[in-house]
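Please open the structure in a viewer and follow the stops below in order. Each stop names a selection and then says what is found there.

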Amino acid sequence: MAVIEIKDLRYSFGQGETRQEVLHGITADFSRGEITIIAGPSGSGKTTLLKLIAGLRTIQTGSIVIDGQALESSTQKQLVAVRRKIGFIFQSHHLIGSLDVTQNVMMPLTFDPKMTASKAKERALEILHEVDLSEHVNKKPEQLSGGQKQRVAIARALVHRPTIILADEPTASLDGPTGREVVNHLQRLSKEFGNTIVMVTHDNRILDVADHLVTLVDGKLSENAPEVGSDF
Ligand SMILES: Nc1ncnc2c1ncn2[C@@H]1O[C@H](COP(=O)(O)OP(=O)(O)OP(=O)(O)O)[C@@H](O)[C@H]1O
Ligand SMILES: [Mg+2]
């Protein structure tokens, strides 16, 4: 069953003469319990596509339907409800330097009116344990390694138990074994809990976790796997 349905999606940056179309009519379905990997060279539109799916950019032309809800015709309230289903792991981790690790991970829960502070903290500590950061929960981001920071960002994206996870280069700053742990965790979420995962990566070492592999080149999506030896 397709959880994410994209149809004839186009997107441009800029106005007038500087207007530049970066997505040229994307059509794709992403299914429940599957990991889709989007590979493609730098500047091909991968982050733009993920942000449109997450409702972080406004759709200009075409359609994205998430769990039956069309984003392009959603009210603000409906968009908020869709965003609650989504965990977004950004290309750069965007941790807040003045907050400690636990507070960073609790952030998304503070928007949930039903969540008390103590419950949010308990949930944050639980997920930090899952990503093996229990020893670091009181540290500030600057006291962590790149890989640890990335795992904090992953914990923050997963703390509200999203059914859809969008991950933009989640292993880019990690060494091989740490990157593998991260994708193994994502794979477990898809297989055990049926999470729908769409992951952008340049990292050839993790392509094997994909149930569905697509490439985005010059704003066009194709079902072909990247050629062996290509550097994305
Ligand atoms: N905010 C913006 N304003 C104008 N142009 C933008 C903006 N963000 C991205 N672009 C342009 O849109 C195109 C696609 O960018 P995007 O960030 O989606 O690429 P990407 O595939 O994620 O690249 P990378 O692998 O380097 O992260 C690029 O040509 C980029 O310069
Ligand atoms: Mg990008």
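## Stop 1

Select K85 and D67: their side chains form a salt bridge, with 3.1 Å from N to O. The two residues are 18 residues apart and belong to distant parts of the chain, K85 to the loop between α2 (76-84) and β6 (86-89), and D67 to the loop between β4 and β5. The model on screen is a predicted one. K85 has a relative accessible area of 30% and is partly exposed. D67 is also in the partly exposed class, at 38% relative accessibility. Side chains of opposite charge can pair when their charged atoms come close.

## Stop 2: the sheet beside that loop

Now show the strands β2, β1, β4 and β5. In which order do the four strands of the open sheet lie? The order is β2-β1-β4-β5, and the pairing is antiparallel. β2 and β5 (69-70) are the edge strands, each having a single partner, so one side of each has no neighbour in the sheet.

Take the pairs one at a time:

- Select β1 (residues 2-13) and β2 (residues 20-31): nine bridges join these antiparallel strands. At one point along them, A2 is opposite S31 in β2.
- Select the turn of this hairpin, where six residues lie between the strands β1 and β2. G14 has a positive phi there, near 85 degrees.
- Select β1 with β4 (residues 61-66): five bridges connect them in the antiparallel sense. Here R10 is found opposite T61 in β4.
- Select β4 with β5: two bridges join this antiparallel pair. I66 faces Q69 in β5 across the pairing.

To follow the side chains along any of these strands, keep one rule in mind. In a regular strand the side chains alternate between the two faces of the sheet.

## Stop 3: ligand 1

Select ligand 1 and show the residues around it. How many residues surround ligand 1? There are 13, and the closest are S42, G43, K46, T47 and T48. Coloured by class, this shell has eight polar, three nonpolar and two charged residues.

In S44, a polar backbone atom is 3.2 Å from an oxygen atom of ligand 1. In G45, a backbone N or O atom is 3.0 Å from an oxygen atom of the ligand. In T47, the atom involved is an N or O of the side chain, 2.8 Å from an oxygen atom of ligand 1. On its own, ligand 1 has 640 Å² of accessible area, and the protein covers 62% of that.

## Stop 4: helix α1

Which element gives the largest share of the shell around ligand 1? Helix α1 (residues 46-53) does, with three residues. Select the whole helix next. Is α1 largely enclosed or largely open? Six of its eight residues are buried, so α1 is largely enclosed by the rest of the structure. The buried residues are K46, T48, L49, L50, L52 and I53.

## Stop 5: helix α6 and the loop between β8 and β9

Move to R180 and D208. They form a salt bridge whose closest N and O atoms are 2.8 Å apart. R180 is in helix α6 (residues 176-193), while D208 is in the loop between β8 (196-200) and β9 (212-217), and the two are 28 residues apart. R180 is partly exposed, with a relative accessible area of 26%. D208 counts as exposed, at 53%.

K191 is in helix α6 and D211 in the loop between β8 and β9, so the bridge ties together parts 20 residues apart in sequence. K191 is partly exposed at 47% relative accessibility, and D211 is partly exposed at 40%.

Finally, select R123, E126 and R161, which salt bridges with shared partners join into one network. The count of salt bridges comes to seven.

Definitions and conventions
Residues numbered from 1 in each chain as written. Chains lettered and ligands numbered in written order. Predicted model: local features only at pLDDT ≥ 70, side-chain atom pairs only at ≥ 80, totals over all residues. Heavy atoms only, no water. Near = heavy atom within 4 Å. Polar contact = N/O pair within 3.5 Å; in protein donor to acceptor, adjacent residues only side chain to side chain. Areas by Shrake-Rupley, 256 points an atom, 1.4 Å probe, with all protein chains shown as cover. Nonpolar A, V, L, I, M, F, W, Y, C, P; charged D, E, K, R; others polar. Pairing = 2+ DSSP bridges. Buried < 20%, exposed > 50% of the residue type's maximum accessible area, 1.4 Å probe, protein only. Salt bridge = Lys/Arg side-chain N within 4 Å of Asp/Glu carboxyl O.
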